[in-house]
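Please open the structure in your viewer and keep the selection tool at hand. The stops below say what to select next and what is found there.

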Amino acid sequence: MFGFILRRLGLLIPTFIGVSLVAFFFIRLLPGDPVLLLAGERGISPERYAELMHRFGFDLPLWQQFITYFTDLVQGDFGTSISTKKPIFTEFFTLFPATLELSFCAVIFAVVLGVPAGVIAAVKRNSWFDHTAMATALVGYSMPIFWWALLLIIVFSGMLGWTPVSGRISLMFFFPKVTGFMLIDSLLSGKAGAFQSAVSHLILPTIVLGTIPLAVIARQTRSAMLEVLGEDYIRTAKAKGLSPFRVVAVHALRNALIPVITTIGLQIGVLMAGAILTETIFSWPGIGKWMVDSIFRRDYPAVQGGLVLIALIVMGVNLVVDMLYGLVNPKIRHQR
Amino acid sequence: MTAVSASVRPGRLKEFWRYFSENHGAVAGLVLFAALVFVALAAPLFAPFNPDQQFRDALLVPPMTRGSEGLFLLGTDALGRDILSRLIYGARFSLFIGVVVVSVSLIGGVIIGMFAGFFRGWVDTTIMRVMDVILAFPSLLLALTLVAILGPGLTNAMIAIAIVAQPHYVRLTRAAVLSERNRDYVTAARVSGAGPLWLMFVTILPNCMAPLIVQAALSFSGAILDAAALGFLGMGAQPPTPEWGTMLAEAREFITRAWWVVTFPGLAILITVLAINLMGDGLRDALDPKLKRS
């Protein structure tokens with residue numbers, strides 16, 4: 001197992017170098033001069049231009065620039081945002097809890113509805129429930145989530161007035177940031193109604209972001225369950241006289257969940273892409289919205305730093321999923 | 001596409017159709033998709049108005065309103081343009097995006113994956129590490145960044161989405177080649193003097209097509225969704241192009257006043273993507289017994 005982890009970690013090193021190369025060339029491939037881009041739209045004097053050229057090292061050969069950039073990255077220096085003048089690392093991790101909270105709720109939403117739906121669809125195969133659930137899952141899987149968000153806003157915020165349209169909590173509530181997770185912080189603040197406000201802000205974004213993972217998980221659970229239900233040990237369990245519920249919930253589900261867990265792990269990329277759209281629509285102050293805003297503000301160092309940090313997170317999650325999979329499935333662990 | 005026709009012999013085609021037509025959803029998807037293609041190709045015949053024509057006396061009128069010019073079946077947008085006509089012309093963009101993205105990423109991905117799987121060694125290692133890098137970024141984020149470099153617009157959005165979609169084809173092709181390259185028929189072809197290119201694209205490729213076709217269907221719908229998302233974020237097709245995602249972006253500010261400008265473009269995206277995914281499920285079941293949902 002240790003060797004397996006080391007091999008997987010070893011594979012991450014070239015990927016990380018590649019990711020930093022992409023980020024490095026991102027600023028250099030942008031149309032226009034990098035210093036003028038960094039200076040923004042105000043313009044700049046020739047002396048200052050030369051000075052900045054030198055300061056950022058743009059006068060050095062390309063490979064030397066990359067070495068400098070890469071060394072900075074490894075030491076945790078991801079650059080400085082133009083618009084806020086703050087280090088990108090700090091900025092990123094101030095906003096990250098918002099995205100994490102939203103993604104976490106979306107995954108919970110998807111699992112809590114998706115796994116039971118998939119199990120019931122498999123057990124009651126070809127029933128009306130199976131057909132309805134799988135048809136719904138296919139619609140969810142095909143959903144343009146930015147449109148889904150607008151529809152939910154029209155119905156639940158516009159017509160019914162049940163949920164707020166944007167932000168994480170009502171402006172009425174102000175309390176110190178402790179964990180960065182609004183659900184926890186609002187509870188800690190002890191202010192009446194704060195938690196309810198946080199929840200009501202979270203509902204629509206959670207549904208929107210969780211829709212595609214929900215559809216994928218329901219489909220995956222169903223097909224994994226169908227496969228497992230045909231196994232000999234299920235027949236044995238039934239023959240032993242165990243209750244049908246116990247056979248399904250304990251014997252079958254436990255084995256069917258292995259591919260489902262992998263699927264959940266692989267949804268991280270989908271979640272990050274979804275977060276870009278969901279956060280933009282609901283003005284959710286997380287890293288997805290921050291990345292889009294940075295692109296529109298032409299805050300390119302922020303985009304550059306964000307790219308590397310997001311890729312690192314995706315790589316980290318994939319590594320954990322790989323390891324979990326290796327843990328439950330020795331066949332994978334001993335490959336190659 | 002000679003490889004496809006070579007691989008699908010008449011008998012196989014019949015067998016494929018038997019499996020495919022068993023799946024009612026897939027047939028429905030196929031019919032819907034064919035209808036969409038037809039509507040897109042013959043857009044001028046179906047569209048009641050010019051998609052860019054602005055009716056100043058009919059701004060934001062609700063569906064089924066009869067204006068002085070005629071019936072606005074799905075209403076008009078803020079500039080008085082007929083939404084139905086824009087949707088019909090928009091179908092051209094979405095299908096075009098799907099075709100271009102799938103062709104570019106499929107051809108590029110197959111060639112790259114073929115080289116990786118056939119030559120192994122450092123070629124393989126280099127190619128797969130580069131693909132790992134692309135896959136380390138969430139697809140939409142990478143596409144957004146690429147568009148920021150290339151400049152917003154439909155062509156650049158398509159290039160970006162094709163680059164992002166490519167690694168899946170590379171991986172599939174490589175995996176298929178790895179399992180095929182040591183089979184007897186490949187050795188036989190090699191012994192009888194076939195060169196590497198012949199072996200790769202004539203001998204091996206036709207036997208790797210099934211997962212690639214399934215992936216092509218999946219990424220066709222993915223490309224339409226991604227392009228619409230980029231359009232929605234203002235980085236895809238630019239107004240006044242009647243691309244569905246761009247139409248949604250323009251409609252956003254009227255969300256509380258005029259539900260129809262928001263509802264119909266999204267519905268068009270959903271129906272198109274749904275039709276393709278239905279077809280994709282059917283293709284998978286018919287072509288790839290290993291992936292078949294038992």
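Select A:Gly79 and display its surroundings: leaving aside residues up to four places away in sequence, A:Gly79 touches A:Pro87 and A:Ile88, where contact means heavy atoms within 4.5 Å. This is a predicted model, in which local features need pLDDT of at least 70 and side-chain atom pairs count only at pLDDT 80 or more, while totals for chains, interfaces and linings use all residues; side-chain values use heavy atoms, with hydrogens and water left out. Residues are numbered from 1 along each chain as its sequence is written, and chains are lettered from A and ligands numbered from 1 in the order in which they are written.

A:Gly79 sits in the loop between helix 4 (62-74) and helix 5 (88-123) of chain A; helices (H or I, at least four residues) and strands (E, at least two) are DSSP runs, numbered from the N terminus. With a relative accessible area of 26%, A:Gly79 is partly exposed, given that buried means under 20% relative accessible area, exposed over 50%, and partly exposed in between (1.4 Å probe, protein chains only).

**Chain A as a whole**

Zoom out and colour chain A by secondary structure, which comes to 14 helices and 0 strands. The C-alpha trace of chain A spans about 85 × 60 × 35 Å along its principal axes, and of its 336 residues 47% count as buried. Among the contacts in chain A with a separation of 6 or more, 72% are between residues 24 or more positions apart. Chain A exposes about 16600 Å², of which carbon and sulfur atoms supply 69%; accessible areas come from the Shrake-Rupley method with a 1.4 Å probe, and for residues only the protein chains shown count as cover.

Next select A:Thr278, which is placed in helix 11 (residues 244-281) of chain A. Is A:Thr278 buried or exposed? A:Thr278 is buried, with a relative accessible area of 1%, and, not counting residues up to four places away in sequence, it touches A:Leu102, A:Ile145, A:Pro205, A:Val208 and A:Leu209.

Then move to A:Ser283, in the loop between helix 11 and helix 12 of chain A. Most residues other than glycine have a negative phi, and most peptide bonds are trans. The phi of A:Ser283, however, is near 45°, a positive value in a residue other than glycine, and at 33% relative accessibility A:Ser283 counts as partly exposed.

Select A:Asp293 and A:Lys289, whose side chains meet in a salt bridge (2.8 Å, N to O); a salt bridge is a side-chain nitrogen of Lys or Arg within 4 Å of a carboxyl oxygen of Asp or Glu. Both A:Asp293 and A:Lys289 lie in helix 12 (residues 287-297) of chain A, 4 residues apart, about one turn of the helix. By this rule the count over all chains comes to 16 salt bridges.

For the surface, select A:Met1, A:Ile261, A:Val320, A:Leu324, A:Leu327 and A:Val328, which make a nonpolar patch of about 520 Å². Patches are made of residues with over 30% relative accessible area and no salt bridge, with like charges joined within 9 Å and nonpolar side chains (Val, Leu, Ile, Met, Phe, Trp, Tyr) within 5 Å. Helix 13 (residues 300-328) of chain A gives the largest share of the nonpolar patch, 4 residues, and A:Val328, which is found in helix 13, counts as partly exposed at 49% relative accessibility.

**Over to chain B**

In chain B, select B:Asp52, B:Asp77, B:Arg81, B:Arg86 and B:Glu250, which are linked in a network of salt bridges. Within this group B:Asp77 forms a salt bridge with B:Arg86, the closest N and O atoms being 3.8 Å apart; B:Asp77 counts as buried at 11% relative accessibility, and B:Arg86 is buried at 0%.

Continue to B:Arg120, in the loop between helix 5 (83-119) and helix 6 (121-136) of chain B, where phi is near 50°, a positive value in a residue other than glycine. The side chains of B:Arg120 and B:Asp124 meet in a salt bridge (3.3 Å, N to O); B:Arg120 is partly exposed, with a relative accessible area of 34%, whereas B:Asp124 is buried, at 5%.

The last stop is the peptide bond between B:Pro239 and B:Pro240, which is cis, with omega about 10°; B:Pro240 lies in the loop between helix 11 (209-232) and helix 12 (244-251) of chain B.
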